[in-house]
Amino acid sequence: MAGEGAVRADTAEHADIVIIGGGQAAAELVKSLRREAYAGSIRMLCGEDYLPYDRPPLSKGVMKAGIAMDRLAFLNAAGYEKHGTEIDLGVTATGIDPEARTVTTSDGRVIGYGVCVLATGARAVPAPWAETTRVHSIRTYEDALRLSGAINDGAQRFLVVGGGYLGLETASSLAASGLEVSLVEATPQLLTGRASNFVANWLKEQHEARGTRIYLGSMVAELEERDDEVHVRLANGTEVVADQVVFAVGALANLDLAKEVGAECGRGVLVDNQCRTTVPGLYAIGDVASYRTANGGEARVESVFNATAQAKVLARVLADKEPKEASVPTFWSDQVGVSIRLAGWVPPTVETNDVVTREDDGWLVERYLGGRLVGIESMNRLMEYMRALPEVVDLRKKL
Ligand SMILES: Cc1cc2nc3c(=O)[nH]c(=O)nc-3n(C[C@H](O)[C@H](O)[C@H](O)COP(=O)(O)OP(=O)(O)OC[C@H]3O[C@@H](n4cnc5c(N)ncnc54)[C@H](O)[C@@H]3O)c2cc1C
């Protein structure tokens with residue numbers, strides 16, 4: 001049974017583990033719990049109307065090609081049944097009572113729990129302009145369907161706001177579909193704080209070579225929907241006219257429930273290396289959670305790697321087994337026709353000494369801090385990447 005599951009609330013419904021959220025982290029937790037021979041009951045509250053699904057394909061071409069949900073879902077309904085997990089689709093948790101160990105739901109129920117896991121993920125930063133049907137986020141399947149609908153209706157000119165991975169992947173997919181793309185980024189370079197200068201500059205060249213117009217160091221000053229178009233004025237005075245705008249400037253952790261129960265939060269819910277929050281019986285995994293770093297800092301890593309690694313750690317904790325230490329974070333990004341692999345957590349404030357090995361068909365970037373390898377980035381250099389991976393120091397345990 002769940003490690004702390006001693007308290008049983010006097011409610012009609014009860015599960016040893018109640019998972020709030022139905023994304024990558026929740027799905028992996030269910031699979032990992034059963035893999036660890038956890039025998040208790042599990043219930044998952046999925047805010048969306050879909051079983052947990054894979055988000056990365058949403059920015060990598062799905063919006064153009066379209067994709068059936070059954071190809072994105074991690075498990076189908078029979079799979080969850082096999083894993084002994086009850087799922088409520090389209091039901092959100094509206095409150096947690098950590099004393100009574102109950103969760104209240106949007107359909108008016110009260111569910112007792114032994115332990116509660118927050119896997120509520122994150123939501124797209126909302127666009128600051130008045131509601132318009134021509135401005136899109138790209139976080140959910142519904143978002144991707146809406147964008148794909150606009151493309152199918154004939155939209156040709158796109159403005160992507162945000163030069164992070166999401167914005168760049170979206171720009172790349174749109175450009176690869178023959179659409180006209182402009183991208184605006186507020187900071188003076190792409191992927192600020194998320195990649196080495198080499199990778200940022202290399203990607204800029206590649207995107208521009210594919211016809212994307214990139215405006216760096218500039219923000220959207222004004223946006224107006226007029227005559228079936230979106231008229232955008234950038235802070236540097238440039239006017240961009242687009243049919244549709246994709247707003248991709250980041251995601252905010254869904255922290256409301258954690259804050260309401262007084263769990264310590266920064267940009268995410270702070271958890272220790274066993275995914276425990278500061279509230280007894282309450283755990284957090286995935287995009288909503290932040291690791292406490294060695295010196296009390298915060299590392300919130302939004303990635304598939306992090307969601308699955310934390311779910312695996314927590315599954316062992318809840319199955320009363322010694323958790324395996326999570327390895328250094330790894331990431332990937334598919335854009336401009338290539339797959340980039342990255343490893344290591346390098347906070348935006350840290351300046352690294354980067355050693356670049358570049359050949360015609362690929363490159364490897366080794367990022368050093370005080371003589372220690374703290375990050376690697378590669379394109380078409382899988383062998384070298386794999387060889388260097390064990391050497392990468394996890395800065396979350398040092399800084
Ligand atoms: C378009 C896109 C592309 C990406 N590409 C990559 C990539 O290439 N590589 C990579 O490593 N990562 C990528 N990511 C990031 C990766 O998908 C996320 O890190 C991962 O999905 C996090 O999983 P999660 O379960 O923590 O959160 P989520 O997947 O956000 O799932 C959380 C779920 O919980 C639900 N929820 C929230 N509040 C409640 C509530 N109160 N009650 C019930 N349900 C609730 C939400 O509606 C959501 O369905 C991408 C993300 C996006 C959006």
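V336 is found in the loop between strand 21 (330-335) and strand 22 (338-343), where strands, as DSSP runs of E with at least two residues, and helices, as runs of H or I with at least four, are numbered from the N terminus. The model is a predicted one, in which local features need pLDDT of at least 70 and side-chain atom pairs count only at pLDDT 80 or more, while totals for chains, interfaces and linings use all residues. Residues are numbered from 1 along each chain as its sequence is written.

The phi of V336 is near 40 degrees, a positive value in a residue other than glycine, and V336 counts as buried because it has 21 C-beta neighbours inside 10 Å. A residue is called buried if 20 or more other C-beta atoms, placed from the backbone, lie within 10 Å of its own, exposed if 12 or fewer do, and partly exposed in between. D228, in the loop between strand 12 (220-226) and strand 13 (229-234), also has a positive phi, near 60 degrees, but D228 is exposed, with 7 other C-beta atoms within 10 Å.

Turning to the strands, strand 2 (residues 42-46) has four of its five residues buried. Strand 1 (residues 13-20) pairs with strand 2 in the parallel sense over four bridges, pairing being assigned if DSSP finds at least two bridges between two strands, and I17 has I42 in strand 2 as its bridge partner. From strand 1 the chain passes through helix 1 (residues 24-35) to strand 2 in a right-handed β-α-β crossover, that is, one running clockwise from the first strand over the helix to the second when the strands point away from the viewer. Strand 2 is also joined by five bridges to strand 3 (residues 85-89), again parallel, and R43 stands opposite E86 in strand 3.

The largest nonpolar core holds 111 residues, of which L29, V117 and I285 touch the most other members; such a core is a set of buried Ala, Val, Leu, Ile, Met, Phe, Trp, Tyr and Cys residues joined through C-beta atoms within 7 Å. Helix 9 (residues 304-318) gives the most to this core, with eight residues. Leaving aside neighbours within four places in sequence, I285 is in contact (C-beta atoms, placed from the backbone, within 7 Å) with residues including L29, V117, A307 and L314.

Helix 7 (residues 197-209), finally, has buried residues V199, A200, W202, L203, K204 and H207, and what covers them includes helix 6 (165-176) and strand 11 (213-216). Helix 7 is followed by G211, whose phi is positive, near 95 degrees.

Terms used: Contact = placed C-beta atoms within 7 Å.
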